[in-house]
Amino acid sequence: MAAPRPVVISGPSGAGKSMLLNKLMKEYKDVFGFSVSHTTRSPRPGEENGKDYHFVTRDTMKSAIDNGEFLEHAEFSGNMYGTSKAAVQDIQAKNRICILDIDMQGVKNIKGTDLNPIYVSIQPPSISVLETRLRDRRTESEESLQQRLHAAQKDLEISKEPGLFDVIIVNDNLEGAYGQLKDALCEEITKAKKVDSSCPELFADSPFKTHIRV
Ligand code: ADP
Ligand code: 5GP
């Protein structure tokens with residue numbers, strides 16, 4: 001059986017990517033591994049260095065990029081973000097499905113590598129719902145919030161590009177979106193678990209079986 005493919009999760013800030021990924025990694029502990037990105041933004045309350053991100057200075061990040069240590073990197077909302085080669089290799093060395101949570105520039109840059117992931121877009125039901133969720137999360141300044149809403153509008157437009165994403169999931173109802181995510185990844189989960197079961201058996205108790213393939 002072929003090795004499981006990595007998974008790229010993208011979508012506007014506040015769409016619910018972290019929430020869905022935390023749920024997935026809790027349910028499938030030894031199956032997935034999160035690629036810990038580097039960023040120059042400050043940690044939010046509760047975020048841990050080395051777990052949520054590697055929080056670094058701009059100088060440190062720039063010199064690591066110049067050294068060829070990054071698979072991709074981007075500037076988002078006034079800060080640098082990037083996936084180091086080591087972050088992905090660490091997960092793959094454990095034979096786990098590597099999950100990358102990256103922005104639209106990252107998606108486009110990864111397309112130019114040989115990573116060959118499944119591309120999943122998590123989207124909010126609307127921009128106004130996104131704004132409410134971001135405000136309720138209480139992590140952003142007004143300036144950062146406006147930058148994220150502006151980027152979201154552009155991202156949602158670009159995500160319609162044919163072939164850019166394999167799956168688009170609208171995160172309206174959390175359980176529904178989670179069911180769709182599991183369903184979209186079931187073949188890779190089966191491969192990673194190395195069990196001889198088909199996807200319907202794997203998710204026999206799941207009421208969510210709809211793929212939205214684009
Ligand atoms: P992202 O990682 O995409 O930036 P988060 O996972 O942090 O987004 O979610 C943004 C906010 O929206 C969080 O406060 C989260 O609790 C909330 N949220 C996520 N999904 C839903 C949902 N389906 N319904 C209501 N609130 C949600
Ligand atoms: P946040 O500041 O909300 O954690 O992340 C902001 C945006 O940066 C999100 O869209 C997230 O997916 C993206 N992001 C996080 N890590 C990376 C990365 O390593 N590379 C790229 N290109 N984007 C990233």
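Predicted model: local features only at pLDDT ≥ 70, side-chain atom pairs only at ≥ 80, totals over all residues.

Student: At what angle do the axes of helix H1 and helix H7 cross?

Tutor: Helix H1 covers residues 17–27, and helix H7 covers residues 174–184. Their axes come within 10 Å of each other. The crossing of H1 and H7 is right-handed, and its angle is roughly 60°.

Student: Are H1 and H7 parallel, antiparallel, perpendicular or oblique to each other?

Tutor: An angle under 35 degrees would count as roughly parallel, and one from 65 to 115 as roughly perpendicular. The axes of H1 and H7 cross at roughly 60°. The two helices are therefore oblique.

Student: How many charged residues does the contact of H1 with H7 have?

Tutor: On the H1 side, the contact is made by Met-19, Leu-20, Lys-23, Leu-24 and Glu-27. H7 brings Leu-174, Glu-175, Ala-177, Tyr-178, Leu-181 and Lys-182. By class, the contact has 7 nonpolar residues and no polar ones, and the number of charged residues is 4.

Student: How is H5 oriented relative to H6?

Tutor: The axes of H5 and H6 come within 11 Å and cross at roughly 150°. Angles over 145 degrees count as roughly antiparallel. The orientation of H5 to H6 is therefore roughly antiparallel.

Student: How many nonpolar residues are in the contact of H5 with H6?

Tutor: Residues of H5 including Ile-127, Leu-130 and Leu-134 meet residues of H6, among them Leu-145, Leu-149 and Leu-156. Glu-131 of H5 and Arg-148 of H6 also belong to this contact. By class, the contact of H5 with H6 has 5 charged and 2 polar residues, and its nonpolar residues number 7.

Student: Which element gives the most to the lining of the largest pocket?

Tutor: The largest pocket has a volume of about 1200 Å³. Of the 48 residues that line it, the closest to its centre are Ser-18, Phe-34, Arg-44, Tyr-53 and Asp-101. Strands E2, E5 and E6 and helices H5 and H6 are among the elements that each supply at least two residues of the lining. The element that gives the most, with 6 residues, is H1.

Student: Which element provides the largest share of the lining of the second largest pocket?

Tutor: The second largest pocket has a volume of about 230 Å³. Its lining includes Phe-76, Asp-103, His-150 and Lys-154, and divides into 4 nonpolar, 4 polar and 4 charged residues. The elements that give two or more residues to this lining are helix H4 and H6. The largest share, 6 residues, comes from H6.

Key
Residues numbered from 1 in each chain as written. Chains lettered and ligands numbered in written order. Heavy atoms only, no water. Axes fitted to C-alpha atoms, helices over the stretch in contact; angles between N-to-C directions. Helix = DSSP H or I, 4+ residues; strand = E, 2+ residues; numbered from the N terminus. Left-handed = near helix turned anticlockwise from the far one by under 90°. Contact = heavy atoms within 4.5 Å. Nonpolar A, V, L, I, M, F, W, Y, C, P; charged D, E, K, R; others polar. 1 Å grid on protein atoms, 1.4 Å probe; cavity = no way out; pocket = protein on both sides within 12 Å on 5 of 7 lines; lining within 4 Å. Points joined across faces, edges and corners; volume = space filled by probe spheres on them.
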